[in-house]
Amino acid sequence: MTLIEMTVCVRGIGERFLSLLKELGHMFIFLVNAVYTIFRPPFKFKMLLRQIRFMGSKSIVVILLTGSFTGMVLALQIYYTLRKFGSEAMLGPAVALSIIRELGPVLSALMVTGRAGSALTAEIGIMRITEQIDALTSMALNPVRYLVTPNIVAALIAFPLLTSIFDLIGIYGGYFVGVKLLGLSSGTYFSQMELFVSMEDIRVGLYKSLSFGVIVSWVCCYKGYFTSYGAEGVGKATTSAVVTSSVLILIWDYFLGSVLI
Amino acid sequence: MKKIDLETAVGFFLLIGIFSLAYISVKLGRLEVLGNKGYEVYAEFEQVGGIKPGASVEIAGIAIGRVTGMRLNDYQALLSLEIDKGIKLQEDSIASVRTKGLIGEKYILITPGGSEKIIADGGKIRETESAIDTESLMSKYIFGKI
């Protein structure tokens with residue numbers, strides 16, 4: 001390798017890193033701008049309600065389905081592992097803790113990303129390429145107030161509630177399999193659970209779902225807001241929004257989990 | 001079918017969500033919304049290895065309260081126990097740290113006494129029995145000191 005090739009290689013790395021930094025800074029300024037408008041009237045209350053319906057109410061069915069089956073499969077798998085040690089009594093705490101601390105927040109965030117996040121990116125992206133956002137700007141209206149802030153607030157409200165629905169239905173899914181199908185006693189399932197689950201665990205799950213709400217609404221709005229032009233651009237933005245939010249959710253989950261343990 | 005309007009859909013979602021959150025917090029998290037507090041008594045132990053705040057306090061296998069706090073006082077473990085209102089503890093009751101099953105969780109067992117005097121709110125259980133350390137028991141057995 002000649003010296004020139006090496007400098008080109010090093011330069012490439014530097015260029016990548018700088019553009020990554022630029023993108024991150026751009027994203028962060030976008031978030032700060034959106035958070036700033038949360039506390040500044042006029043508040044777009046109707047938009048907020050509409051976004052809560054979009055993210056929350058319409059996600060209930062999918063959350064119920066994923067929640068119940070997650071609880072059921074957890075109970076099934078954990079039961080057969082615990083049986084080897086003769087400690088089936090721990091089924092309740094194992095199901096409840098893994099759902100409340102990890103799976104509830106993460107899976108409901110992933111489901112909402114797939115269901116609502118992608119649609120959000122596409123919606124904002126199409127507004128961008130049909131120049132509706134530019135129209136708002138030229139009328140001296142802040143587009144962030146109309147398009148981004150309601151989504152972030154709606155996500156902050158909807159995510160924890162969806163997570164608690166997921167937790168509850170997951171625990172009862174586990175109850176159904178553990179008690180009705182596998183023959184554990186109902187008292188054991190719930191009393192052990194009550195002993196081992198504390199308010200601290202529930203709080204950790206809520207913190208996680210709040211932070212996932214910010215991540216999902218932020219990334220999805222950002223990707224749609226700064227989409228490249230053309231139908232292809234919106235498609236790309238949607239894909240990248242879903243992939244980025246899902247990866248960020250899983251990474252952030254690990255770090256938050258290790259800090260809040 | 002009539003289309004559900006915006007406010008109904010949001011209200012429905014909020015109600016279900018808040019209900020789930022409240023149910024989990026109250027049932028599993030033992031969050032006390034109503035001020036249904038019992039009274040507090042203290043007990044000093046030499047050794048409470050394994051007891052955590054929230055551990056149950058039982059008489060004859062029935063839960064009558066829980067451990068609310070624990071701290072070190074003069075090199076002894078001082079536990080505060082919250083006892084349900086209707087339960088009266090005699091002054092010579094014995095509090096002991098016990099284990100459920102062989103490797104189960106630790107709890108406080110109270111053996112009622114025969115005294116006429118009742119421990120008041122903020123009183124102290126004087127007779128206590130520390131946790132049985134299975135490891136030292138085993139080593140005693142192995143090295144033949146029993």
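Reader: What joins strand 1 of chain B to strand 7 of chain B?

Author: Two bridges do, and the strands run parallel. Two strands pair if DSSP finds at least two bridges between them, so strand 1 and strand 7 of chain B count as paired. One heads-up: this is a predicted model, in which local features need pLDDT of at least 70 and side-chain atom pairs count only at pLDDT 80 or more, while totals for chains, interfaces and linings use all residues. Residues are numbered from 1 along each chain as its sequence is written, chains are lettered from A and ligands numbered from 1 in the order in which they are written, and side-chain values use heavy atoms, with hydrogens and water left out.

Reader: Which residue stands opposite B:Tyr42 in strand 7 of chain B?

Author: That's B:Lys124.

Reader: What is the strand order of the sheet in chain B?

Author: Eight strands form an open sheet, ordered 7-1-4-3-2-6-5-8, with mixed pairing. Strand 7 (124–125) and strand 8 (127–129) of chain B stand at the edges with a single partner strand each, so one side of each has no neighbour in the sheet. Strands here are DSSP runs of E with at least two residues, helices are runs of H or I with at least four, and both are numbered from the N terminus.

Reader: How many bridges pair strand 3 of chain B with strand 4 of chain B?

Author: Eight, in the antiparallel sense, between strand 3 (residues 62–73) and strand 4 (residues 76–83) of chain B. B:Met70 stands opposite B:Leu79 in strand 4 of chain B. Strand 2 (residues 56–59) of chain B also pairs with strand 3 in the antiparallel sense, over four bridges, and there B:Ser56 has B:Arg66 as its bridge partner.

Reader: What is the phi of B:Asp74?

Author: Near 55°, a positive value in a residue other than glycine. Most residues other than glycine have a negative phi. B:Asp74 lies in the loop between strand 3 and strand 4 of chain B, a hairpin with two residues between the strands. The hairpin of strand 2 and strand 3 of chain B also has two residues between its strands, and there B:Ala60 takes a positive phi near 55°.

Reader: Where is the cis peptide bond in chain A?

Author: Between A:Pro41 and A:Pro42, where omega is about 0°. A:Pro42 lies in the loop between helix 1 (3–38) and helix 2 (45–55) of chain A. Most peptide bonds are trans.

Reader: How many cavities of 30 Å³ or more does the count come to?

Author: Two. On a 1 Å grid over the protein atoms alone, a cavity is a set of points where a 1.4 Å probe fits but cannot get out, and lining residues have an atom within 4 Å of a point. Grid points are joined across faces, edges and corners, and a volume is the space filled by probe spheres set on the points. The largest cavity has a volume of about 60 Å³. Its lining includes A:Phe190, A:Met193, B:Tyr23 and B:Lys27. The elements giving two or more residues to that lining are helix 7 and helix 8 (186–196) of chain A, along with helix 1 (6–27) of chain B.

Conventions:
On a 1 Å grid over the protein atoms alone, a cavity is a set of points where a 1.4 Å probe fits but cannot get out, and a pocket is an open set with protein on both sides within 12 Å along at least five of seven lines; lining residues have an atom within 4 Å of a point.
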